[in-house]
Amino acid sequence: MGSNEQRSVLDKYLGRLNGPQTIGRGVPFWTCFLAVVVVLALCPEFLSRYEIINFSNFLISGFLALSLCLLWGYCGVLSLGQAAFFGVGGYTYGIVALNLLNAHGNTDVAFVAGIVVPTLLAGILGLIMFYARLAGVYIAILMLVVSLMFELFLLQTADPDYTIGAAYIGGFNGLRPASPDDPLLPSLIFGAGESVLEFDGRSVEFYYLTLGLLGAVYLGLRWLVNSSYGYLLVGVREDSHRTETFGYDIRLVQLSVFCIAAAIAGLAGVLYTAWGTFIHPNQFGLKANILPVIWVAVGGRKDLTAALIGALVLEWVGIRLAAVGEISLLIMGAILVVAMLVTPEGVVTTLARVVEQGRAFARARWGRGGTGPRSERQDS
Amino acid sequence: METVSIIFSFIYQYADNIGFLLLAAVGLIIIFGMMGVINMAHGELMMIGAYITAFAYHAGVPAPIAIIFAGIGSGLAGIVLERLVIRFFYRQLLSSLVVTWGISLVLTEGFLLIFGPSILNVPTPFGSFGVGELTFGIYRLVLFGVALLLIGLIWALFSYTRFGARARATMENPEMAEAFGINTSRMYALTFGLGSALGGIAGGMFALTATISPFFGVNYTLFAFITVVVGGGANVITGVTTSAAALAGAQTIVNNAWSVYVGYVSMMLAAFLILLILPRGISEYLERRKIRVAKKNG
């Protein structure tokens with residue numbers, strides 16, 4: 001059969017990126033994927049600068065959605081406080097960058113620290129929570145409490161005593177330099193010695209950097225969830241007792257995925273701080289925590305692509321609504337409730353399933369159409 | 001004289017903090033503690049109660065009756081929520097967490113849109129009394145008393161009435177209860193409504209001391225959850241009272257030694273630590289101990 005040949009070609013080039021843990025395995029999907037990437041890459045050609053700056057921010061939301069999707073959708077560990085790692089990443093990046101910019105001339109260390117510190121924080125929290133075998137609901141709520149505690153703490157650091165080297169924590173004023181002599185909070189500057197590559201948050205280059213990183217993280221996670229580790233994650237989600245009976249240490253699995261998710265959220269925080277050269281305690285707040293949950297739940301928590309589409313579309317909708325008035329969050333909440341009632345698996349996931357069934361029907365009826373064979377069988 | 005007033009102030013604060021936790025938790029004791037239903041919008045049901053109280057009070061209704069109105073209003077709102085949304089998520093804990101969080105967002109933002117961010121105030125009744133050089137508000141002690149009274153009533157309701165027996169049967173084994181002719185789905189709606197009504201009453205009580213805004217509910221939800229979770233499910237009433245006593249103890253001591261923020265953090269830390277040592281809550285431990293002692297003696 002012709003479609004099988006196509007499939008083997010896909011398998012040869014995409015390997016582990018294609019697997020039953022992710023929706024979209026056939027030629028049509030990857031064609032669409034390429035088309036979307038091309039369109040996104042061409043956006044700067046026909047969109048205004050202001051819109052490109054907004055788009056960079058949407059893409060940053062995508063990281064957070066992927067992070068929560070991996071954690072909640074694949075491993076079944078819900079965190080209502082995923083913004084904690086986003087915020088810690090952002091603040092770490094800012095503090096380290098402010099301190100090292102004059103000495104190094106780049107933000108390499110800050111970039112790495114902004115990813116490593118949230119990962120370590122997740123390691124400590126996860127070690128405590130998973131090894132105490134706390135129930136999932138408790139973990140979800142405790143993470144929210146952790147994030148709100150960060151917010152509460154940072155809000156009361158407006159006192160000038162709260163400085164770390166050249167960084168003034170700033171409370172509700174947001175992170176800023178400690179004295180007029182210190183450098184301003186920088187955008188991303190990668191470099192070694194003299195040669196530096198700067199990505200101004202308002203530039204097209206920053207947009208391409210974010211797009212590239214998001215693509216890399218997306219493909220990396222696709223590979224991860226279709227590897228044996230991904231099957232293990234789903235095993236823990238579906239039946240943790242049985243997975244444990246098979247000899248896996250589920251606490252270790254949960255801890256590791258918690259750390260990976262935190263690293264991605266931290267990366268998002270770094271990009272966010274670099275994007276606006278600003279970070280505020282709000283990033284730990286209620287709104288910052290509930291939005292990723294809405295994106296992932298509405299898009300479809302059990303699939304990376306669905307969660308990513310959910311984040312990008314809803315962020316776009318949110319910006320449009322914000323122009324109308326103070327109704328953005330109200331509509332987001334309503335979308336969440338309605339979507340969970342009507343499509344418990346998420347809107348994008350459900351749509352994908354309908355398309356899949358339609359193609360299966362077309363194949364059965366007319367004996368052709370559809371180039372993604374076997375997929376409906378693998379779904380069941 | 002000085003030391004007496006300091007000691008009294010300490011006891012007063014402790015009672016105040018316990019009262020706060022118990023009153024915040026009083027509706028969730030039934031909804032989450034007993035029925036095992038998650039409701040992140042509990043604080044918003046309390047907020048509805050607070051708004052009803054404030055509007056009724058400003059319309060000339062005496063405060064106690066306004067608070068009863070709040071209970072009725074929140075109870076009805078709770079039943080509507082349960083029927084419309086929550087009942088579809090009984091078997092999926094994490095999803096119910098998320099969907100009720102969405103409801104809480106809708107309620108908060110909806111109230112913000114309708115009533116604006118402006119803050120409503122209801123004067124605190126009863127005035128104050130002095131011990132030594134310090135003065136204390138009487139109403140805070142009333143809150144503490146009402147919290148204990150409500151918890152006593154819940155206990156009596158669930159221990160001695162037909163309704164309580166049916167509710168306990170429903171949460172123990174829904175299929176079996178159904179087989180005995182109990183309408184479990186109505187039981188869930190009623191207990192949810194009762195818990196919401198208690199939340200509304202608590203919200204109304206708090207309305208007389210706290211500022212009322214659409215963002216009224218968030219903190220109560222979290223504190224209530226933590227109190228009930230630390231209390232554990234083996235014996236909800238003793239669990240919640242001991243956990244409130246323990247958490248408020250940590251908070252009061254640290255509050256006085258450092259600052260209010262550190263007080264909150266220490267309370268969260270205490271909750272965290274208790275859960276690490278006793279992942280199923282305090283009451284589980286107490287019940288096990290009771291059984292052990294009984295075995296030794298028998």
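The radius of gyration is taken over C-alpha atoms, and the globule rule is 2.2 Å times the number of residues to the power 0.38. With 380 residues, a compact globule would come out near 21 Å, and chain A has 22 Å, which agrees. Along the principal axes, the C-alpha atoms of chain A fill a box of roughly 75 × 50 × 45 Å.

A word on the source. This is a predicted model, in which local features need pLDDT of at least 70 and side-chain atom pairs count only at pLDDT 80 or more, while totals for chains, interfaces and linings use all residues. Residues are numbered from 1 along each chain as its sequence is written, and chains are lettered from A and ligands numbered from 1 in the order in which they are written.

Next, confidence. pLDDT is the predictor's confidence in each residue, from 0 to 100. Chain A has a mean of 85, with 92% of its residues at 70 or more. Over residues 369–380 of chain A, pLDDT stays under 50.

Chain A has 15 helices and five strands.

Last, burial. A residue is buried if 20 or more other C-beta atoms lie within 10 Å of its own, exposed if 12 or fewer, and partly exposed in between, with C-beta atoms placed from the backbone. Of the 380 residues in chain A, 47% are buried.

Conventions
Two residues are in contact if their C-beta atoms, placed from the backbone, lie within 7 Å. Helices (H or I, at least four residues) and strands (E, at least two) are DSSP runs, numbered from the N terminus.
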